[in-house]
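Work through the exercises below with the sequence and the model open. Each task is followed by a solution in steps.

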Amino acid sequence: MWVLRVLAFFLVASFLPSDAIRSFPEPTVLLLPRFAEAPAYRNGPHCPVSQGKSAILACDPAAVHISMTLDVAYLRGSVAAVHSILKHASCPENIFFHFLTTNPKPDDSPLAPLLRSTFPSLSFNLYHFDPTLVLSLISSSVRDALQNPLNYARTYLADILPSCVSRVIYLDSDLIVVDDILRLWTANVPTPRVIAAPQYCNANFTKYFNDVFWSDPSMSRVFHNRNPCYFNTGVMVMDLGRWRQSNYGKVIEDWMRVQKEKRIYELGSLPPFLLVFAGEIEPIEHRWNQHGLGGDNVVGSCRNLHPGPVSLLHWSGKGKPWARLDAKTPCPLDSLWAPYDLYTHLGSSSSS
């Protein structure tokens, strides 16, 4: 593998001027996964866009908008998530995906042809998320993966996505959907809330912040009269119109600056969302985020499903199903993820 990395580096360097080569950082050459082509999932006769019509556009009123990030380390999970969504959707051709990547030229990256070859009829846009927006704001966390700048991209969806997109479902890459996504899209609509999500009021909310936070009235009073409950930011229906009006991105950034200065929590991108929105969430059925299946953030031990019906399974936490399956140490529930896995082998290289 090291030979491939060296060859790829010199191939890139051969197209650069000499001064650029001198300042070129140590290369990171990554092998992208290769995936089998997914079946062609088509709309039913009741859908606004019928089979045979042209692909839906980003600003089409009939579009169901879904946003996800694309990171090489989680690409296998992202592809499985997209596959599961299309497989169970009643109107798959109405779904428009908005993918965020740190690649400065996403349309020219290997990600675009990879998506088109895996999902030939997929309607999507690729967007550049600039990691420098948050690099200076990110604090160390209990798990290195939580410090990835792409974890914070959801904060900037209202700025990055077209202004015609007034509402979007944000989904993490470590989940599968086993129900019609249209039911989530239309859940509790219309709503006066900025975010709709499953919330968990039986969880110990205080544990998401430390004593520095709770002992400082100037900070802890943010929850005064709000009755805050935990919610998982990996599954959210976001009203981008209201978000833009109130500039919630800046409010979240302000709390991240407080964290850098005073260290008021240990997790990554979740606590700032809790600070701004907990107690102001439009509740959605728990079936839409059976989370925690990856285990805790340190060990990644096996977990069971929560009681009740299931529409979405979410491997939040340290353990990921594709890694455990490859290592031949799967948890029982990882077998539910496996049928949506389109991975075949490592293929083309990509330098970042």
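A disulfide is here a pair of cysteine sulfur atoms within 2.5 Å. The model is a predicted one, in which local features need pLDDT of at least 70 and side-chain atom pairs count only at pLDDT 80 or more, while totals for chains, interfaces and linings use all residues. Residues are numbered from 1 along each chain as its sequence is written, and side-chain values use heavy atoms, with hydrogens and water left out.

**Exercise 1. Disulfides**

Task: Find how many disulfides the rule gives, and state the pattern that the disulfides of the chain follow.

Solution. 
Step 1. Applying the cut-off gives four disulfides.
Step 2. With bonded cysteines counted along the chain, the pattern reads 1-3, 2-4, 5-6, 7-8.

Task: Describe the link between cysteine 47 and cysteine 91.

Solution. 
Step 1. The S to S distance between cysteine 47 and cysteine 91 is 2.0 Å.
Step 2. The angle about the S-S bond is -90°, and the link of cysteine 47 and cysteine 91 is left-handed.
Step 3. Cysteine 47 is in the loop between strand E1 (29-35) and strand E2 (64-69), and cysteine 91 is in the loop between helix H3 (75-88) and strand E3 (95-101). The pair links distant parts of the chain, 44 residues apart.
Step 4. Check burial, where buried means under 20% relative accessible area, exposed over 50% and partly exposed in between (1.4 Å probe, protein chains only). Both cysteine 47 and cysteine 91 are buried.

Solution. 
Step 1. Cysteine 201 lies in the loop between strand E8 (199-200) and H7, and cysteine 229 in the loop between helix H8 (217-220) and E9, so the pair ties together parts 28 residues apart in sequence.
Step 2. Cysteine 229 has 5% relative accessibility and therefore counts as buried.

Task: Are cysteine 302 and cysteine 331, which form a disulfide, buried or partly exposed?

Solution. 
Step 1. The S to S distance of cysteine 302 and cysteine 331 is 2.0 Å.
Step 2. The torsion about their S-S bond is about -85°, so this disulfide is left-handed.
Step 3. Cysteine 302 sits in the loop between strand E11 (282-283) and strand E12 (312-314), and cysteine 331 in the loop between helix H12 (321-326) and helix H13 (334-337), 29 residues apart.
Step 4. Cysteine 302 has a relative accessible area of 46% and is partly exposed, whereas cysteine 331, at 7%, counts as buried.

**Exercise 2. Helix H11**

Task: Why is H11 described as largely enclosed by the rest of the structure?

Solution. 
Step 1. Helix H11 covers residues 270-277, and eight of its eight residues are buried, so it is largely enclosed.
Step 2. Identify the cover, taking contact as heavy atoms within 4.5 Å. The elements over the buried residues of H11 include strand E7 (195-197), helix H7 (211-214), strand E10 (235-239) and helix H10 (248-262).
Step 3. Look past the end of the helix: glycine 279 follows H11 and has a positive phi, near 90°.

Task: Which residues of H10 and H11 make the contact between these helices?

Solution. 
Step 1. H10 and H11 pack at an angle of about 120°, with their axes 9 Å apart. Axes are lines fitted to C-alpha atoms, for helices over the stretch in contact, and angles run from 0 to 180 degrees between N-to-C directions.
Step 2. H10 is therefore oblique to H11; angles under 35 degrees count as roughly parallel, over 145 as roughly antiparallel, 65 to 115 as roughly perpendicular and the rest as oblique.
Step 3. H10 contributes Tyr248, Val251, Ile252, Trp255 and Met256, and H11 contributes Pro272, Phe273, Leu275, Val276 and Phe277.

**Exercise 3. Histidine 98**

Task: Where is histidine 98 found, and which residues is histidine 98 in contact with, leaving aside its neighbours within four places in sequence?

Solution. 
Step 1. Histidine 98 is in strand E3.
Step 2. Its relative accessibility is 0%, so histidine 98 counts as buried.
Step 3. Leaving aside neighbours within four places in sequence, the contacts of histidine 98 include His65, Ser67, Asn125, Tyr127 and Leu161.
Step 4. Histidine 98 and serine 67 are 31 residues apart in sequence and 4.5 Å apart in space, C-alpha to C-alpha.

Methods: Helix = DSSP H or I, 4+ residues; strand = E, 2+ residues; numbered from the N terminus.
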